[in-house]
Amino acid sequence: MQAVRVTVVAFEGVSLFHLSVPSQVFGVEPAPLGLAPYEVRYWAPRPGPVRCSQGVVINIPKGQDVMSDADLVIVPAWNDPQRPAPPALTDALRRAHERGAQVVGLCLGAFVLGDAGLLDGRQATTHWACRELFAQRFPKADFRPDVLYVDDGGVITSAGTVAAIDCCLNLVRQRHGADVANRVARLLVTPPHRQGGQAQFIEQPVPELPSENRMPGVLEWARERLAEPLSLDILADVAHMSRRTFTRRFREATGTTVIKWLAGERLARAQQLLETTQLPIERIATAAGFGTSLSLRQHFAAQLKTSPSSYRRAFFDVDRRGQPHPPVVD
């Protein structure tokens with residue numbers, strides 16, 4: 001199997017964390033079953049010694065043309081969002097995108113994609129602290145300031161620090177399915193999936209008393225009962241909170257509403273069942289809590305731009321079971 005070629009851009013003052021996230025996600029060891037081999041390379045507009053923002057110096061060898069054949073190009077957080085990226089970098093990004101590579105801007109790396117003209121007419125996001133500057137500099141972008149990450153036409157942008165991991169895990173989901181992405185996340189000891197539409201402003205206040213920290217238990221309780229009718233009132237009752245208090249704390253903990261969170265969890269459960277079982281679509285719709293196959297198909301079309309049967313054909317884990325693809329029941 002040919003390796004997926006990933007090129008990570010390095011530059012003076014680059015974040016060491018963002019520089020290492022792609023290799024941590026795509027090069028996780030031991031590689032879980034179903035994850036294709038990835039080759040992570042590094043490129044700089046000016047090869048040679050590059051000093052990271054933390055003071056560590058790395059060397060980018062000269063003469064390596066790792067941008068011209070990359071399947072995926074990732075730009076870490078740019079060191080000065082008020083300073084345009086150099087033409088050597090923006091020209092290379094445009095060429096990569098024109099020949100079909102996915103181009104990713106992590107956090108303030110979105111500014112570099114904007115400088116390259118790749119965000120014109122596309123949805124994009126960046127770190128909330130620079131949202132006003134971003135809107136001023138790139139008025140042609142369809143700016144989404146509150147989301148964790150967004151993919152529009154093979155051009156992907158993400159919010160702040162930890163959202164870089166969410167973004168890269170979502171790329172694994174796109175290429176290999178939810179089950180493989182979940183296994184990668186478990187190896188990284190990170191939550192398996194946060195929907196890109198979740199808010200950046202996620203607060204997690206420390207409770208005054210241990211008895212007040214009920215939210216994690218409620219989320220796990222709900223995940224175990226996705227097939228059942230669940231509502232804001234039911235979850236608030238489980239948490240022993242008023243509807244108003246629970247609504248506030250739920251948003252603080254997850255950055256989204258109960259309805260959106262449940263829809264995302266149910267979609268993830270349906271993806272996992274499609275990848276790992278031969279259950280008919282109707283049974284999966286019931287097990288994931290959608291009720292009907294029509295509702296399941298509507299959610300797949302809206303969120304994943306595909307149908308459950310097409311998703312199954314793409315991601316059903318044949319290798320692990322040594323069985324043919326299951327019959328399509330859609």
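Entry 1: Buried here means under 20% relative accessible area, with exposed being over 50% and partly exposed in between (1.4 Å probe, protein chains only). For the labels, helices (H or I, at least four residues) and strands (E, at least two) are DSSP runs, numbered from the N terminus.

I'm looking at a predicted model, where local features need pLDDT of at least 70 and side-chain atom pairs count only at pLDDT 80 or more, while totals for chains, interfaces and linings use all residues. Residues are numbered from 1 along each chain as its sequence is written, and side-chain values use heavy atoms, with hydrogens and water left out.

**Entry 2: Thr157.** I picked Thr157, which sits in strand S10. How accessible is Thr157? Its relative accessibility is 0%, so Thr157 counts as buried. I listed what Thr157 touches, skipping residues up to four places away in sequence: Gly105, Ala110, Leu113, Leu119, Gln123, Ala124, Thr125, Tyr149 and Val150. Contact means heavy atoms within 4.5 Å. The Thr157 side chain also reaches the backbone nitrogen of Thr125 at 2.9 Å.

**Entry 3: who pairs with S10?** Two strands pair if DSSP finds at least two bridges between them. S9 and S10 (residues 155-158) run antiparallel over 4 bridges. I looked up the partners: Tyr149 bridges to Ser158, Val150 stands opposite Thr157, and Asp152 bridges to Val155. S9 and S10 make a hairpin with 2 residues between them, and Gly153 in the turn has a positive phi of about 65 degrees. Strand S6 (residues 102-105) pairs with S10 in the parallel sense over 3 bridges. Val103 has Val155 as its bridge partner there.

**Entry 4: the whole sheet.** In what order do the strands lie? The open sheet has 6 strands, ordered S2-S1-S5-S6-S10-S9, with mixed pairing. Its edge strands are S2 (38-43) and S9 (149-152), each pairing on one side only. From one strand to the next, the twist averages 20 degrees. Helix H1 (residues 16-26) packs on the sheet, touching S1 (4-9), S2 and S5 (72-75), and its direction makes about 170 degrees with that of S2. Axes are lines fitted to C-alpha atoms, for helices over the stretch in contact, and angles run from 0 to 180 degrees between N-to-C directions.

**Entry 5: Arg122.** Arg122 is in the loop between helix H3 (109-115) and strand S7 (123-124). Arg122 is buried but has no salt bridge, and the nearest side chain of opposite charge, Asp152, is 4.5 Å away. A salt bridge needs a side-chain nitrogen of Lys or Arg within 4 Å of a carboxyl oxygen of Asp or Glu. For charge, Lys and Arg count as positive and Asp and Glu as negative, while His and the chain ends are not counted. Still, the Arg122 side chain reaches the backbone oxygen of Asp152 at 3.2 Å. Beyond four places in sequence, Arg122 is in contact with residues including His97, Gly153 and Val155.

Notes:
Polar contact = N/O pair within 3.5 Å; in protein donor to acceptor, adjacent residues only side chain to side chain.
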